[in-house]
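Subject: Structure for you to look at

Hello,

Here is the structure I promised you. Please open it and keep it beside this email as you read.

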Amino acid sequence: MKTDIARIPPPSDDKRWRIIDTTMRRYGYDSHCLIETLHSVQEAFGSLDDQAMHYISATLGVPLSQIYGVATFYHLFTLKPREAHHTCVICVGTSCHIKGGATILSAIEKTFRVKAGQTTADGTLYLQTARCLGSCGLAPVVVLNEETLSKANQNNVIQRIQEIIRHDA
Amino acid sequence: MMPEELTELAHKEQTDAQQWQHQIHVCTATGCLSAQSDQVYTALTREVRDRGMDKTCRVKGVGCLGLCSAGPLVQVNPAGTLYQHVQVDDVPELVQSLKHSPVERLVCSTDIPFFQQQVKIVLANAGNIDPERIEEYLAVDGYQGLLQAVTEMTPSEVISEVIHSGLRGRGGAGYPTGLKWTTVAKADSHQKYVICNADEGDPGAFMDRNILESDPHCIIEGMAIAGYAVGATQGYIYVRSEYPLAIKRLRNALRRAERLGVIGNNIFESAFRFQIDVRLGAGAFVCGEETALIASIEGRRGNPRPRPPYPAEAGLWGQPTLINNVETLANIPAILRNGGGWFATIGSSQSTGTKVFALTGKVNHGGLIEVPMGMSLRSIVFDIGGGIPNELAFKAMQTGGPSGGCIPETHLDMPTEYETLNQIGSIMGSGGIIIMDETSSMVDVARFYMEFCQDESCGKCVPCRVGTAQLATLLTKIAEGMATPEDLILLEELCDVVKHTSLCGLGQSAPNPVLSTLRFFRHEYLAHIRQ
């Protein structure tokens, strides 16, 4: 365990910082645990903001440039929080592609006037694509919030999204 | 942990299992879970309890039952009746039927080639044991291979057994496993590592995930045996973070194994110690490449580096490192238990054993299959897969994901072996097979994979970073009917450059889908150009 670095206090009183501290402590504040630590932050806060990266940099003794490099290299990490009421993930893996995943995607893009990776203007729907959700036997697959729609088609997905949005109103 | 305790625990579990008149196995792997098999599991448990049958009938969550396209799957043992597309509403009828005959409308026949022609080594326990209970793994001779290795064999004897088996790397390239183990074992260092590569990134491939979800202990046992053989004391399992259930079951299995003492210090009262840690990926396909994976475990960007030196000589933190794929390691316990000679009798002479495939796309019976090496590709599609739905014609079979190629009907009679697949411009790959029918456009497939590679290129070397982007642009141009004959020549030239000058496997193999579709389906490209 490194002892030469003076521990700096977390950026705020937010209790979630304890989770981040626990992760770093578990690995003995070794710089090797950078990715594990970023996972913790992403899970607890939803994104990696400047404040978090500064704190990790100071605690692990890793240059900020390197943290930014890692945070932007991996697809899973995001620097900005995604603020939308609902998330729709369309699988565009090979199996889903062959079975019409792309058609579902373009239909949703058209119907809800949103592009993949973006949120609708009214902030109700965040549309995302996934490389492969691994449920290829049930392709095409769409995940709407927590709900998985297997063997989906554009009509039932659009209908389900509209139901969910209407339910909010 | 004393060796006798292991046998005792296994025996106790076997005896306990016999007290049940019925055991209802519900598939709780990701495939069936996305068809809400968890609700079926809960409903079954409640129904059995409400009818007061919970002393004689046990409802158990198990790993993958194989036929994912017919999920949620439920199997009633010891009768072995398999039910498909089971919904919560079917549960009362299903439980009621235990005393009578099976519910005919839900029965899925197991007489079909899909079940009959498979040979299971890696997936032997999938669908039979509860992956969350180590006792069930012990009851099916779990950790016996490790026990035998540690207490009765020297490390070099273990390695010769693996060499004798003829096992080759299941990650795709097919490097002889025994040879890799030998190199690491010979390397002179006080610290060595074993890494399990579970960064399964090919779209359409889910073999490794299902193995981890269905039988996590066989990976732990395989790694510990590998650690003993090569002289490593620390192992890492690098798993994609996109596999939450696999991670959860793996971590749970590790805790159980540690508590029981089958990993940790003084394993089976010997001087051998072995620890395993789980490391998570963060959504980067390139991290499946071994040097990129090592960089990622070290907490850095997943950039590959030139080889040599190979990880076997200088890997994780510069130390000799053995990297094996999930499926490769999953074969190890069975090889130790039954001997390398036994393994070598399965499959063909150059490619021994079995291979697990994720069979999907336009095929009647999709799911996770394990077949002996050497089986003809046609058997995989038409016997096991049950042919193409909607009476459409077969067009191509894609193997090896973004690094592989498309195989046309004329080559379907070839045996499934590493060399034969290479000859026709594809690769064995990690095991994703996607079947395409006559409605699929091959130019579109090539473009799909190229866009994938472009997106996943780490950006370190120019041929891959720029080449894949240019190739994707050219393919889009062709697909949209805007290309000239010169574009096709440029496409081929560029494929050649990217293939031969890229730094790592991602770039070197990125042109494969284009080259193989050009080889067998050139007319489709020409048709787009003439328009």
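First, some terms. On a 1 Å grid over the protein atoms alone, a cavity is a set of points where a 1.4 Å probe fits but cannot get out. A pocket is an open set with protein on both sides within 12 Å along at least five of seven lines. Lining residues have an atom within 4 Å of a point. Grid points are joined across faces, edges and corners, and a volume is the space filled by probe spheres set on the points.

The model is predicted: local features need pLDDT of at least 70, side-chain atom pairs count only at pLDDT 80 or more, and totals for chains, interfaces and linings use all residues. Residues are numbered from 1 along each chain as its sequence is written, chains are lettered from A and ligands numbered from 1 in the order in which they are written, and side-chain values use heavy atoms, with hydrogens and water left out.

**Cavities**

How many cavities of 30 Å³ or more does the structure hold? There are three. (Ala, Val, Leu, Ile, Met, Phe, Trp, Tyr, Cys and Pro count as nonpolar, Asp, Glu, Lys and Arg as charged, and the others, Gly among them, as polar.)

**The second largest pocket**

This pocket has a volume of about 1,400 Å³. It is lined by 48 residues. Nearest its centre lie B:G171, B:G172, B:A173, B:G288 and B:R307. The lining divides into 14 nonpolar, 22 polar and 12 charged residues. β8(B) gives the most, with five residues. (Helices, H or I with at least four residues, and strands, E with at least two, are DSSP runs numbered from the N terminus.)

**Helices in chain A**

Look at α1 (residues 16-26) and α2 (residues 34-45) of chain A. Their axes come within 9 Å and cross at roughly 165°. (Axes are lines fitted to C-alpha atoms, for helices over the stretch in contact, and angles run from 0 to 180 degrees between N-to-C directions.) That angle makes α1(A) roughly antiparallel to α2(A). (Angles over 145 degrees count as roughly antiparallel.) The crossing is right-handed. (The near helix is then turned clockwise from the far one by less than a right angle.) A:W17 and A:I20 of α1(A) are among the contact residues, as are A:V41 and A:F45 of α2(A). (Contact means heavy atoms within 4.5 Å.) This contact has seven nonpolar residues, three polar and two charged.

α1(A) also passes α3(A) in a right-handed crossing. Here the axes come within 12 Å and cross at roughly 30°. A:W17, A:D21 and A:M24 in α1(A) meet residues of α3(A), including A:Y55 and A:L60.

Most residues other than glycine have a negative phi, and most peptide bonds are trans. Where are the exceptions? A cis peptide bond joins B:G71 and B:P72, with omega about -5°. B:P72 lies in the loop between β2 and β3 of chain B. The bond from B:R307 to B:P308 is also cis, with omega near -5°. B:Q36 is not a glycine, yet has a positive phi of about 65°.

Best wishes

Conventions: Parallel < 35°, antiparallel > 145°, perpendicular 65-115°, else oblique.
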